[in-house]
Structures are given as structure tokens and as C-alpha cells.
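Please look at the sequence and the 3D structure shown below, and then follow the report, which begins with one side-chain contact and widens step by step to the whole chain.

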Amino acid sequence: MSNENDIVTNAEFLREAFATEQQCLVANLRSSARISHAGDRGEVNEQHFIDFLRKYLPNRYTVDKAIVMDSLGNVSHSIDVVVFDRQYTPTLLDNDKHRYVPAEAVYAIFECKPKIDKGYLEYAAEKANSVRRLARTSVDIHHAGGKFPAKKPGDIVAGILAIDVDWKDGFGEAFRAVHQNLPKGSMIDCGFAAAGASFDTFAGDGAYTYGPANNALAYFAFRLLWRLQSLATVPAVDWMAYADQLSHKPKGV
């Protein structure tokens, strides 16, 4: 028969187990320092973060590197990590690891860097804006009993993933001064440093939530999952808008 001591022990076991997961991720990320070429090193660490998110997010979310495009032919910058729907929205022009994801399918995007500092945070913000400015369509959803009205596209979550935080006080006052100065459309909603720090603004009203150092990984993952749940399912894509774009002939043809 279980007792109060069992409950405490089990809770401690979970904290220690998730802390070990975080330590393993840090070790994998730091081991990439042996790779001399910066681009190759970055790709290896991107894959570590992709694997981490795939492990924690349900199968309804696909996680991969991609470029985001819209029905008008506009494209984003290359995005290190895109969390998107694949059940109702196919990827386009797949070629090995190079793929385009319709803007309507995107739930979240992340930039992967060796550390989080002012320059990298602002760079991640530019990447976020390149996705958020894209057009997203939405049409009625037909079902056996009739149809549901077109859903308004939800907010796209943007974050930054890294090994370390460069500020001496972590995600403290110096970080907040830079973060709060980011343009509205480029705002970074969350961040995770594998060395033991995480933040998010999911609570709204400008409030920051920080994860515990030893369990920053799991805390960040569960908070992200909660935020993705609140977005429900992506809107139904107006595929005719994409088809119409293809039917437009260039001038002089």
C-alpha cells in the first residue's frame, strides 16, 4: 500500500530522471565542439534540438528544418526548427532534407544558436518576423453534418534554443531589457538553454515564467506543449489560392 513517503520518493525520481535527460542533451551539444566547421557544428546541434522536440511532442506535431511559404509565393528565411501540422497539410517541394511548409500549417518556429545573447536574440526575432508576415488562408471545414466556419489562424509561437545564456544573470534584467525592445511582430515567446535555463511569456500581460535550472528541459517542453494545446488545430488551407497563384502567367509570356 502506498504512503506519503512513496509519493515524495516518486516525485524526486521524476525530477532526477528529467534532470538526467537534460544532462545528456548538454553533453551531446557540447561534444559538437570537436567539429571544426561552424556550419557543420550548427547542423549537428540543430538535429539534437529537433530530436529533443520530437521526443516530447505528440505525433500530431511534425518537427523539422524548413522554409515557410504562402499562397502568394512569398517565403520565409530558412528556419532551423519548424513545428507544423502534417495530418491535414502536406509539405511541398520536398527534396531530401529541403522542404517548404505552407504558412497555414505552422504552429511554432525556433532558431538554434550556441548561446542566447543580444545579437542572437535579435536575429531569431528577424527569423520569426519572416514567418509571421506571410499570408495565411482559411476556409470552411466540411463534415457529414454540414460545415464549421473558417477558423482564424492562431498566433505562431517563436522561440530560441541554445546551449548557454550569455548574460551573467541569465534571463534577468539585462535579458529582459533586450527582449522587451523587440518589435511586436518579431517577439520571441520562449527560450531554452540546455545548460539550465528557460523562459516563456505564455502567461500573457508581459509576465515571464522561468524554469528550474536542473529541470529546465522538461519544464520548457511541458510549458510549450501546454501552449500548443491552446492553439488547437491549424486552419483548413484554401488550396484554390495556391492553385490560382500557379495559373498566373508572368508578364511577357
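## A polar contact of Asp189

The side chain of Asp189 makes a polar contact with the side chain of Arg132 at 2.8 Å, where a polar contact is a pair of N or O atoms within 3.5 Å, one of which, within protein, must be able to donate a hydrogen and the other to accept it, while residues adjacent in sequence count only if both atoms are side-chain atoms. This is a predicted model, in which local features need pLDDT of at least 70 and side-chain atom pairs count only at pLDDT 80 or more, whereas totals for chains, interfaces and linings use all residues. Residues are numbered from 1 along each chain as its sequence is written, and side-chain values use heavy atoms, with hydrogens and water left out.

Asp189 counts as buried because its relative accessibility is 16%, and buried means under 20% relative accessible area, exposed over 50%, and partly exposed in between (1.4 Å probe, protein chains only). Asp189 lies in the loop between α4 and β9; helices (H or I, at least four residues) and strands (E, at least two) are DSSP runs, numbered from the N terminus. Leaving aside neighbours within four places in sequence, the residues in contact with Asp189 (heavy atoms within 4.5 Å) include Arg132, Ile156, Val157 and Phe199.

## Strand β8 and its partners

Eight of the nine residues of strand β8 (residues 157-165) are buried. Strand β5 (residues 106-116) pairs with β8 in the parallel sense over eight bridges, and two strands pair if DSSP finds at least two bridges between them. Lys115, for example, has Asp164 in β8 as its bridge partner.

Strand β9 (residues 190-193) runs parallel to β8 and is joined to it by four bridges, and the bridge partner of Ile160 in β9 is Gly191. From β8 the chain crosses through helix α4 (residues 173-179) to β9 in a right-handed β-α-β crossover, which is to say that, with the strands pointing away from the viewer, the path from the first strand over the helix to the second runs clockwise.

## The whole sheet and chain

These strands belong to an open sheet of nine strands with mixed pairing, in the order β3-β4-β1-β2-β5-β8-β9-β10-β11. Because β3 (92-95) and β11 (209-210) stand at the edges, each with a single partner strand, one side of each is left without a neighbour in the sheet.

The protein chain has six helices and eleven strands, and 45% of its 253 residues count as buried.
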